Amino acid sequence: MTLSTGPIGFAEALDILARVGVDTRLPIEQVAVGMAAGRVLARPLVAEVALPGFDNSAMDGFAVRAADLDAHQPTTLHLLGEQFAGVDRGLALTPGGAIRITTGAPLPAGADTVVIKENARVAGASVVLSPGTVRGANVRRRGEDLEAGAQALAAGIALNAAQASLAAALGCARLPVHRRPRVAVFSTGDELRPPGATLVPGSLYDSNTPLLHNLLADEGIVIAAGAHLPDAPQALRAALTEAAGACDLILSCGGVSAGEKDYLPALVAELGEVYFWKVRIKPGMPILFGRIGNALILALPGNPVAVLATFRTLVVALLDALQGRASPRPRWFARLHAPLHKDHARFEFQRGLLRCDSDGTLWVDADAATGSHRLAAAANANALICVPEGVQRFERGAVLEVLPLTRGG
């Protein structure tokens, strides 16, 4: 394939990632419902039973007929039995009677109201009920939460714990989800040394590998393969070829720009095809997206802040498409705490500190350190500020989209 060197816009890059990701969607597998949080549901879930499945009590107390209650003074009713949660005893309530009941227990036939235990006093074979309980109080009706046959969960959602719990309540022991991608991670560069090693003049510690390990872990993905590779075409070619045969996605850092030792663009073009190379973003413009065999490859720049920004924006978009995620991720917007001026045309992701005032307003402070090598500044940030393409000037209070960087964001 002929290698295109023209930078494309950020929106176009997202569109290409989405289209290729959909075309390369990962197969469906079944997972235990207790392990389903974070996975993307592959098929709609239709309720085969109603929730609740029967009329039941919402509180501990006494099942009664509202018609037997006096609204202004205590009511004395005969105790006819007791119905606890579990097996339905098939009890029936007759006028003037009450049945002791516990939370979740089936509502006896004839009952329409539950008086809570705190408003009742047992006196021998009778119970004295305080006034004030209205018809239908403390009763859960069959199907009031979800009717049988209704759609409980849509395909394409990234399941959370409550949604997995709903599936369990409907009797699902396992759920169909898209398989997580098998990811290989390579850091490149003769200058890199693993953390803990002794540095020699001109060498640096490899911070990108642990960065990608942690970013992928936040997405629920464990790296399947990886290594540090030298700036040598033969070693790069061998590693890429091997990873392409075993993985769904290759992530690399470094060696993707236009320097004498940036071999990756030509190698990917030789071994497969390139969908785009260079995106009009800052940081991260030299990013490359392509395919080698059955594996997709995103070659990220070597500067750690560029790795962080391109992962949070472009890699995540591809991971979502591969796993069939149709539900959008939450979008956040905040007001600038100080004016912001951008004097270049690229879409920029500036580091910032996001905070919330007591009145509920989100504010963000842009970090003055904008270099893609400024890892300490990135470590102190909790958000990326999305500054659109074109020369821009925003005054204090202007609203911009932000991407939280913390796990809870």
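This is a predicted model: local features need pLDDT of at least 70, side-chain atom pairs count only at pLDDT 80 or more; totals for chains, interfaces and linings use all residues.

Colleague: OK, strands then. Which way does strand 22 run relative to strand 28, parallel or antiparallel?

Modeller: Antiparallel: strand 22 (residues 332–336) and strand 28 (residues 399–404) are joined by 4 bridges.

Colleague: And what stands opposite Trp 332 in strand 28?

Modeller: That's Val 402.

Colleague: How many bridges join strand 26 to strand 28?

Modeller: There are 3, and strand 26 (residues 383–387) is antiparallel to strand 28. Val 402 turns up here too, as the bridge partner of Ile 385.

Colleague: Switching topic. Where does Ser 126 lie?

Modeller: Ser 126 is in strand 9, which covers residues 126–129.

Colleague: Buried or exposed?

Modeller: Buried, because its relative accessibility is 14% and the cut-off for buried is under 20%.

Colleague: Which residues does Ser 126 touch, leaving out those up to four places away in sequence?

Modeller: Thr 76, Leu 77, His 78, Leu 79 and Arg 121.

Colleague: Now the backbone. What kind of peptide bond joins Leu 51 and Pro 52?

Modeller: A cis one, with omega at about -15°. Pro 52 is in the loop that links strand 2 (45–46) and strand 3 (56–57). There's also a cis bond between Lys 282 and Pro 283, where omega is about -5°. Pro 283 falls in the loop between strand 19 (281–282) and strand 20 (288–292).

Colleague: Why point those out?

Modeller: Because most peptide bonds are trans.

Colleague: How does Asn 138 count in terms of accessibility?

Modeller: Partly exposed, because its relative accessibility is 26%.

Colleague: And phi of Lys 278?

Modeller: Near 85°, again a positive value in a residue other than glycine. Lys 278 sits in the loop between strand 18 (273–277) and strand 19.

Colleague: Is Lys 278 buried or exposed?

Modeller: Lys 278 counts as buried because its relative accessible area is 18%, and the limit is under 20%.

Notes. Residues are numbered from 1 along each chain as its sequence is written. Side-chain values use heavy atoms; hydrogens and water are left out. Helices (H or I, at least four residues) and strands (E, at least two) are DSSP runs, numbered from the N terminus. Buried means under 20% relative accessible area, exposed over 50%, partly exposed in between (1.4 Å probe, protein chains only). Contact means heavy atoms within 4.5 Å. Two strands pair if DSSP finds at least two bridges between them.
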